[in-house]
Amino acid sequence: MSDDADASVTGVGETFDEFRRSFSYGSRGNLNFKFMKSMSEADAAAFLATVLQQLGDAYDTGDVSPMIETAIEAQIAGYAPKPADMPPMFEFDSGPFAPAKTQVSEATIGLLTTSGHFLEDDDPEPEGMTQAEAVDRISESLRGTPTLSEIPRTSDVESITVRHGGYDITSAAIDPNVSFPIDRMNELERDGTIGALASTYFSFPGATSQGRLKRELDAWIDRIKAENLDYMLLVPV
Amino acid sequence: MSVGHVARGLEEAGIATTTIMVEAFRHRAEQMVVPRAVITRFPMGRPLGAPHDTDRHLDVMRMAFSLLETATESGTIVSYPQAYRVQTA
């Protein structure tokens, strides 16, 4: 290992503070754990120590669920608003509410996700971008205009892929149903839970400019209304 | 936050919405006064559960759809009671 090697890659000379931050768009770039950047150093250290303790326990028990629960707890704490945070860009005291008009078992229902799933032959802008590039260009995405992709409900799950620079897409790539439940919608229609399905579902990567999204919204709502649906299932990531 | 804008737009257009999201973003649901939401205590990026955990996905969705029939005001946010299931198979 050379003396001038990057400390964030080799760990040589790297502080713990640098280490924990490196998971968030840094040298370690693991979006599952980018929340460590938002924790105090002490809390991040306690999180890792707890996980290692539970890993040791799992050698004997084979049960990794305590580690997963610890990670979920830490993620929740990491994302929780902090006193020093900027106030949210949008905050409301109340919201519009469309009363339900029919039973779900008699309703036509659509699906919209912010997961960034799309059909392989309908690659949204920037077309052809890889997941690694999406992660590298997250700042650009957060200033950009989102594309609302259409995914027909009859699409084969094998024809659906995903790209999003803001979260770890591993599960969403293995099984789109974790955030775009296209197969589950079919199953709930078959068993009678849902009356009917919209012909087309929608998806966009939610890591986008909120102002530009709001400017697109009226046109998006018109496209969605053309589906003649009663209700919409929304799945943000 | 993105989905909050979409939810508000759809409700204004007369389309009732129900949302499934992870606990880490509960504050976003509250800030945006999302009309109806089920909050799952799952890792970010897996709001319905683990890959191929079909029963869990369906259970979460049924809870979300039930809100369409029971919620009477915007900001009806409920917690899904089960933990993230670990795939052992």
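**Core.** I started with the largest nonpolar core of this predicted model. The core holds 69 residues, and the ones with the most contacts inside it are A:Leu234, B:Val38 and B:Ala64.

Next I looked up B:Ala64. Setting aside neighbours within four places in sequence, I find B:Ala64 in contact with B:Thr18, B:Ile20 and B:Val38, and also with A:Leu233.

**Strand E7 of chain A.** A:Leu233 took me to E7(A), residues 231-235. Is this strand buried or exposed? I get 5 of its 5 residues as buried, so E7(A) is largely enclosed by the rest of the structure. Going face by face, A:Tyr231, A:Leu233 and A:Val235 are buried on one side, and A:Met232 and A:Leu234 are buried on the other.

I checked its strand partners too. Within chain A, E7(A) pairs with strand E1 (residues 108-113) in the parallel sense over 5 bridges, and A:Leu111 has A:Leu233 as its bridge partner.

**Contact between the chains.** How many residues of each chain are involved? I have 58 from chain A in contact with 54 from chain B. On the chain A side, the elements giving two or more residues are helices H4 (65-79), H7 (170-174), H8 (182-190) and H9 (210-225), plus strand E7. H4(A) gives the largest share, 8 residues. By type, I read this side as 37 nonpolar, 13 polar and 8 charged residues.

**Chain B overall.** I wrote down 3 helices and 3 strands for chain B, in the order α-β-α-β-α-β along the sequence. Its radius of gyration is 13 Å, close to the 12 Å from the globule rule for 89 residues, so chain B is as compact as a globular protein of that length. Along the principal axes, its C-alpha atoms fill a box of roughly 45 × 25 × 20 Å. I also noted that 56% of the 89 residues count as buried. Of the chain B contacts with a separation of 6 or more, 57% are between residues 24 or more positions apart.

Most residues other than glycine have a negative phi, and most peptide bonds are trans, so I went looking for exceptions.

- A:Tyr25 has a positive phi near 60 degrees. I place it in the loop between helix H2 (16-21) and H3 of chain A, and it is partly exposed, with 17 other C-beta atoms within 10 Å.
- B:Val33 has a positive phi of about 45 degrees, though not a glycine. This one sits in the loop between helix H2 (26-31) and strand E2 (36-40) of chain B. With 21 C-beta neighbours inside 10 Å, B:Val33 counts as buried.
- A:Glu125 and A:Pro126 are joined by a cis peptide bond, with omega about -10 degrees. I find A:Pro126 in the loop between strand E2 (117-119) and helix H5 (131-136) of chain A.

Key. Residues are numbered from 1 along each chain as its sequence is written. Chains are lettered from A and ligands numbered from 1 in the order in which they are written. This is a predicted model: local features need pLDDT of at least 70, side-chain atom pairs count only at pLDDT 80 or more; totals for chains, interfaces and linings use all residues. Helices (H or I, at least four residues) and strands (E, at least two) are DSSP runs, numbered from the N terminus. The radius of gyration is taken over C-alpha atoms; the globule rule is 2.2 Å times the number of residues to the power 0.38. A residue is buried if 20 or more other C-beta atoms lie within 10 Å of its own, exposed if 12 or fewer, and partly exposed in between; C-beta atoms are placed from the backbone. Two residues are in contact if their C-beta atoms, placed from the backbone, lie within 7 Å. A nonpolar core is a set of buried Ala, Val, Leu, Ile, Met, Phe, Trp, Tyr and Cys residues joined through C-beta atoms within 7 Å. Ala, Val, Leu, Ile, Met, Phe, Trp, Tyr, Cys and Pro count as nonpolar, Asp, Glu, Lys and Arg as charged, and the others, Gly among them, as polar. Two strands pair if DSSP finds at least two bridges between them.
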